[in-house]
Amino acid sequence: MESEKLHGEEYRDSLATITKDGKRAWIFAKKVRGKFYNFRQLFGYFVLTFLFTAPFIKIEGEPLLLFNLPERKFILFSVIFWPQDSFLFYLMMVSSIIFVVLFTVMFGRLFCGWACPQTLFLELIFRRIEWLIDGNPTEQKKLKQQGWTFLKLFKRTLKHSIFWAVSFLIVNVLLSYIIGMDKLFQIASEPIAAHRGSFIGIVIFSSAFYFIYAWFREQVCTIMCPYGRLQGVLTDNNTITVSYDYFRGEPRGMEKKDKPEQKFGDCVDCKECIRVCPTGIDIRNGSQLECINCTACIDACNSVMTKVKKPTGLIRYSSENGLKTGKSFKFTTRNIAYTTVLTGILVFLTTLLLTRTETETTILRARGLTYQTQPDDNQISNLYNLTIVNKSHRTINASVRILSHKGNVQIHGTDLSLETGKSIEGTMIVFLEKADVKSERTKIEFGIYDGDVLIEKRTTDFIGPN
Ligand code: SF4
Ligand code: SF4
C-alpha cells in the first residue's frame with residue numbers, strides 16, 4: 001500500500017488511494033476483529049435492517065417514512081407533512097443540520113464510521129460478497145495482479161453481476177422512500193413500456209451505485225463527500241475522534257537486543273493500523289480528513305498491544321487536548337452555544353408539532369362584497385371563501401359552526417367529506433343576529449368539526465353596519 005511508504009510530512013501532499021504517477025492505489029483492507037468491530041457490525045446490521053424494512057412498514061395505511069419531493073408530501077414516523085406544513089418541515093431540516101454540526105463538533109466523523117449508508121453498504125454488503133468470492137485481502141491482491149484465467153473471469157463475472165444486482169436492489173429501496181412501496185410495486189408489475197422513464201432512471205442509478213461500490217469505493221468518503229470536507233472547519237482540539245496517543249507511542253519501533261540503549265514508545269511500528277484502514281491512511285500522522293472514524297485501527301492496535309503485553313488504547317477515542325491533558329471530554333463554549341440554539345429550535349418545533357391540527361382551514365371574506373341585510377331585517381350575512389385541507393390519515397366529514405355568536409352557516413359548492421391529503425374549496429354564507437353585530441368589524445370565531453369533535457378553530461372578521 002502506498003501509504004506504508006510514507007514517512008515524515010509526505011502524507012500531507014499525497015493521497016493513500018492515488019499512486020505517485022496518478023493511478024489508483026487499490027486498498028486491500030485487512031479483516032479486523034475486536035470489540036469495536038463487533039459493536040459496529042451489530043449496529044450496522046440494525047441500521048441496514050431498518051433501511052430495508054422501513055418502506056414496508058405502514059401505519060394507518062401510510063408508510064413509516066416517505067420523502068415524496070415531486071408531490072411535496074413527507075412522512076416522518078407516520079406524521080404526514082403536506083405542502084402547507086413546509087415551514088414545519090424546513091424547521092425540522094434546519095434542526096437536523098444544526099444537530100449534525102453540533103454532533104460533529106463534539107464527536108467528529110462518528111456518523112461516517114457507524115451509521116453512514118455508504119460505509120454500511122460497502123463494509124457490510126459489498127466487501128462481504130468480495131471476501132466470499134475473491135477470498136481474503138491477500139488473495140484478492142493476488143487475483144488482481146494475476147493474468148486472465150478462466151477462474152478469474154468466472155469470479156469477476158460472478159462478483160460484478162451480484163454487485164449490479166445488489167445496487168439495483170438498493171436503488172429500488174431508496175426509490176420506495178420517494179414514491180412509496182405501492183407505487184414501486186405497480187411500476188415493477190406493469191410492462192416496462194408503461195414506465196419507460198422510471199425504468200431508465202432505475203438502470204442509470206443502479207449503474208451509478210454499482211460504479212461506486214465496485215470501483216470508486218472509499219474515494220466517496222475521502223474526495224467527494226461534502227460532510228467529510230467540512231471536518232476541517234467543524235472540528236477542533238476538543239473534538240473526540242479516533243486518535244493515536246503519540247505521547248505514549250513515540251518514538252515508534254521495536255527494542256533490539258543488540259541495541260538496548262535505544263528506547264522506544266509503545267508503538268512497535270507493526271503498521272497493522274494501516275493495513276486494516278479502509279481509507280488507507282496512517283492514523284499515527286494525526287487527525288486526517290480521510291479518517292471516517294471506523295475504529296478498525298483501534299481494534300487492530302489493541303490486539304497488537306495485548307500481544308506485546310502493553311496496555312490497550314494506544315489508538316483510542318480522544319481529543320487532541322484529551323491526549324495532552326489526559327482528560328477525556330470538555331464541554332466548550334462553542335458546544336454550549338450550539339446546544340442552546342438546538343434546544344431552542346427543538347422546543348419550538350415540539351410546540352408546533354403538538355399544536356398541529358388535523359386540518360388546515362382558511363376562511364376569507366369574499367373580495368369586493370359588503371354585508372347583506374336579510375329581508376326579515378333581523379339578520380346580517382357575509383359571504384366567505386372556504387378552503388379545508390385534510391392533513392390526517394383518515395377521511396374527515398367536516399362541518400363549520402360558529403363558536404363565538406348565535407347564527408348559522410350555509411356551505412355552497414362543495415360537500416365537506418375530505419379524504420386524507422385532499423382539500424376542498426367552496427363558499428359559505430354566515431348569518432348573525434343583527435343585535436350581535438355591534439360594529440363595522442366584529443371578530444367571529446368558527447369551529448371546524450369532524451362529526452361532533454372540534455378539530456380546529458379559526459377567527460376572522462364579520463362586517464356589518466357602522
Ligand atoms: S484511521 Fe482508523 S478510524 Fe480512521 S478510517 Fe482508518 S482505520 Fe478507520
Ligand atoms: S497498530 Fe499500534 S503498534 Fe502497530 S503501528 Fe499501529 S499504532 Fe503502532
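Author: We start with a helix pair in this predicted model. Helix H2 (residues 86–107) and helix H15 (residues 333–354) have axes that come within 10 Å and cross at roughly 155 degrees.

Reader: Why is H2 called roughly antiparallel to H15?

Author: The cut-off for that label is an angle over 145 degrees. H2 and H15 cross at roughly 155 degrees. H2 is therefore roughly antiparallel to H15. The crossing itself is left-handed.

Reader: Which residues of H2 and H15 meet?

Author: On H2 they include Leu88, Leu91, Ile98, Phe99 and Leu102. On H15 they include Arg334, Tyr338, Leu342, Ile345 and Leu349. Residues count as in contact when their C-beta atoms, placed from the backbone, lie within 7 Å.

Reader: How do the residues of the contact of H2 with H15 divide by class, into nonpolar, polar and charged?

Author: There are 17 nonpolar, three polar and one charged.

Reader: What makes H4 and H6 roughly antiparallel to each other?

Author: Again, set the angle against the cut-off. Helix H4 (residues 117–134) packs with helix H6 (residues 150–179) at about 160 degrees, and their axes are 10 Å apart. The label needs over 145 degrees. H4 and H6 are therefore roughly antiparallel. Their crossing is right-handed.

Reader: Which residues of H4 and H6 make the contact?

Author: H4 brings Phe121, Ile125, Phe126, Ile129, Glu130, Ile133 and Asp134. H6 brings Lys155, Leu158, Lys159, Ile162, Phe163, Val166 and Ile170. By class, that contact of H4 with H6 has ten nonpolar, no polar and four charged residues.

Reader: Now the strands. How do you know that S3 and S4 pair?

Author: Pairing takes at least two bridges. Strand S3 (residues 65–68) and strand S4 (residues 73–76) are joined by four, and they run antiparallel.

Reader: What makes S4 and S5 a pair?

Author: The test is at least two bridges. Three bridges join S4 to strand S5 (residues 79–81), again antiparallel. Leu76 has Val79 as its bridge partner in S5, and Phe74 stands opposite Phe81. The hairpin of S4 and S5 has two residues between the strands, and there Phe77 takes a positive phi near 50 degrees.

Reader: Why are S3 and S5 said to stand at the edges?

Author: The open sheet has three strands in the order S3-S4-S5. S3 and S5 each have a single partner strand, so one side of each is left without a neighbour in the sheet. From one strand to the next, the twist averages 20 degrees.

Terms used
Residues are numbered from 1 along each chain as its sequence is written. Chains are lettered from A and ligands numbered from 1 in the order in which they are written. This is a predicted model: local features need pLDDT of at least 70, side-chain atom pairs count only at pLDDT 80 or more; totals for chains, interfaces and linings use all residues. Axes are lines fitted to C-alpha atoms, for helices over the stretch in contact, and angles run from 0 to 180 degrees between N-to-C directions. Angles under 35 degrees count as roughly parallel, over 145 as roughly antiparallel, 65 to 115 as roughly perpendicular and the rest as oblique. A crossing is left-handed if the near helix is turned anticlockwise from the far one by less than a right angle, and right-handed if clockwise. Two residues are in contact if their C-beta atoms, placed from the backbone, lie within 7 Å. Ala, Val, Leu, Ile, Met, Phe, Trp, Tyr, Cys and Pro count as nonpolar, Asp, Glu, Lys and Arg as charged, and the others, Gly among them, as polar.
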